[in-house]
Amino acid sequence: MVIVSALFVQAFQMSLVVLLAPLLTGIVRLFKARLLRRRGPSLIQPYRDLVRLLRKEAVVAENASWLFRAAPYLIFAATWVAAAIIPTFATGLLFSWTADLIAIIALLGSARFFLALAGMDVGTSFGGIGSSREMMIATLAEPSMLLIIFTLALVAGSTQLSAIAVFMTSSQVGLRVSLAIALIALVMVAIAENARIPVDNPATHLELTMVHEAMVLEYSGRHLAMIELAASLKLLLYISLIACLFVPWKLVAFGSGPLAYLIGLFAYLAKLAAGGALLALFETATAKMRVFRVPEFLGAALMLGLLAALLRFVSRGL
Amino acid sequence: MIGSVFDIAHMLAGGLVLVSMMMLYQDRLYALLNVFALHSLVLTLSVAWQALIQDAPHLFVTAAIALVFKTIIIPVVLHRMIRQLGIHREIETVVGVGPTMLVGLGLVALATVVMLRVTSSADPIAREDLAFALSVLLLGLLIMVTRRNAVSQVVGFMTLENGLVLAATGAKGMPLVVEISVAFSILIAFIVIGVFLFRIRERFDTVDVRALDDFKGRRRK
């Protein structure tokens, strides 16, 4: 009976992330539109887009290989698994032992690998330039992410997300400057990874500046739906990750009853909405930077990650 | 209670190091000035917190000086100066942002390693304060070294002085007279530099310090 309920909660979490992801995208778009004094699309517009794309015929280029067809599903699957194991409203779920931070990075890295391959598969120049830029961003974003994880692991003594979240809610951890720096670096990496504004603009198809959109330019129909959903899931994943690591309040432990789950769920929804609103605010306030500035931006994230790890050693030496 | 006292002191002093690193990242003059104002604000908070936990009311005077002069007056005056000199759109760094930040990181590492070795018998708050203060000081020097523009060199100088104030407040029993005299000497230095800047501009039509090298006959190839 226990195993059944554990499975049920885990399954709920897995479907929750995939159901909420388009809503989060809708929230960000709506907030952004309101900040620009436009009315903006309704919150459920991303769902409508997905349904429309699923109904449409998929057009595939003549010289596309099997990889081009398979990549969207692989990308979606890897991103979904990564998003589903992050503690959203409860810690210590059935599969929480798999939620290792390094495993999550590996999952996202493989998704990115297939996306870049798919971008180059058809052989158009846009796909190639998008892939090469994405890889340039990734070579800097991944090491910074790993450094941030090392800092967290040094503080919490584990790379497992559930354990870190439980540790963060305990009274053992105080205000630590290394954690603050890690948070800033993580936000910078999250912005770059999700192709948000200072690094890439998710809303345009401007040839000179696009990165993510350039790679998926050839996709249509159900393939495009998978990729869009994966992109929404990735945004949800990063916001959940930041919420679970740095604001883990009201994150309930597994087995504390339906009422506690409900409280945790509402807290999670509130965190997501707040994260989306902050993202929209930040995006409205900043201008997109040139592609050649991006290495500097991510280099700064890398340095901050290093600094965080360094200061962690300092404060432990006291 | 001891935990949170230490935590907040740690957070504010560490925040100062973080803001110094942010300064290294800025290459536009206005942005640099805004970050400098933030730097001074963090310093004010840090000094005020030290005043609270050390029960030393005279440190509030230091905090007030930092707030009024360094957070408000100096950035505003520098803003105006930049506008008058017409150099608000210039971007000038000797080395790129990446290498500069790497060097900055090395300096922070050096400062913490040296300070923690040397001060092993002091209490943790003072030790860490000194380590962070030395880092801020070295980062200020780094800003002065890596910028060509005289205004950003002034900002580097002020950052360095913020580091000095942080060190002074971390060590217990610094007399008020010393602090006030330091603050005023900085202010006078600032005025002198300001006058100097306009003289440089009058003579050379630029505030790029390379012009001075050329004037001395040491031409860079």
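Predicted model: local features only at pLDDT ≥ 70, side-chain atom pairs only at ≥ 80, totals over all residues.
Chain B contains eight helices and zero strands, and its order along the sequence reads α-α-α-α-α-α-α-α. The C-alpha atoms of this chain occupy a box of roughly 55 × 35 × 25 Å along the principal axes. The radius of gyration of chain B is 18 Å, which agrees with the value near 17 Å that a compact globule of 221 residues would have. Of the 221 residues in chain B, 42% are buried. Among the contacts in chain B between residues at least 6 apart in sequence, 70% join residues at least 24 apart.

Between the two chains, 17 residues of chain A are in contact with 24 residues of chain B. On the side of chain A that touches chain B, the elements that give two or more residues are helix 7 (177-193) and helix 11 (294-316) of chain A. Helix 11 of chain A gives the most, with 10 residues. By residue class, this side of chain A divides into 12 nonpolar, four polar and one charged.

The largest nonpolar core of the model has 160 residues. Those with the most contacts inside this core are Ala185(A), Leu236(A), Leu307(A) and Leu16(B). Helix 9 of chain A (residues 221-246) supplies the largest share of the core, 17 residues. This helix is mostly covered, as 22 of its 26 residues are buried. In soluble globular proteins, nonpolar side chains tend to be buried together. The end C-alpha atoms of helix 9 of chain A are 38 Å apart, in agreement with the 38 Å that its 26 residues should span at 1.5 Å a residue. Leu236(A), one of the core residues with the most contacts, touches Val17(A), Leu20(A), Ala21(A), Leu24(A) and Ala83(A), when residues up to four places away in sequence are not counted.

With residues up to four places away in sequence left out, Asn201(A) touches Thr209(A) and Lys288(A). The C-alpha atom of Asn201(A) is separated by 8.6 Å from that of His212(A), which is 11 residues away along the chain.

Definitions and conventions
Residues numbered from 1 in each chain as written. Chains lettered and ligands numbered in written order. Contact = placed C-beta atoms within 7 Å. Helix = DSSP H or I, 4+ residues; strand = E, 2+ residues; numbered from the N terminus. Nonpolar A, V, L, I, M, F, W, Y, C, P; charged D, E, K, R; others polar. Rg over C-alpha atoms; globule rule 2.2 N^0.38 Å. Buried ≥ 20, exposed ≤ 12 C-beta atoms within 10 Å, placed from the backbone. Core = buried A, V, L, I, M, F, W, Y, C linked by C-beta atoms within 7 Å. Expected span 1.5 Å × (residues − 1).
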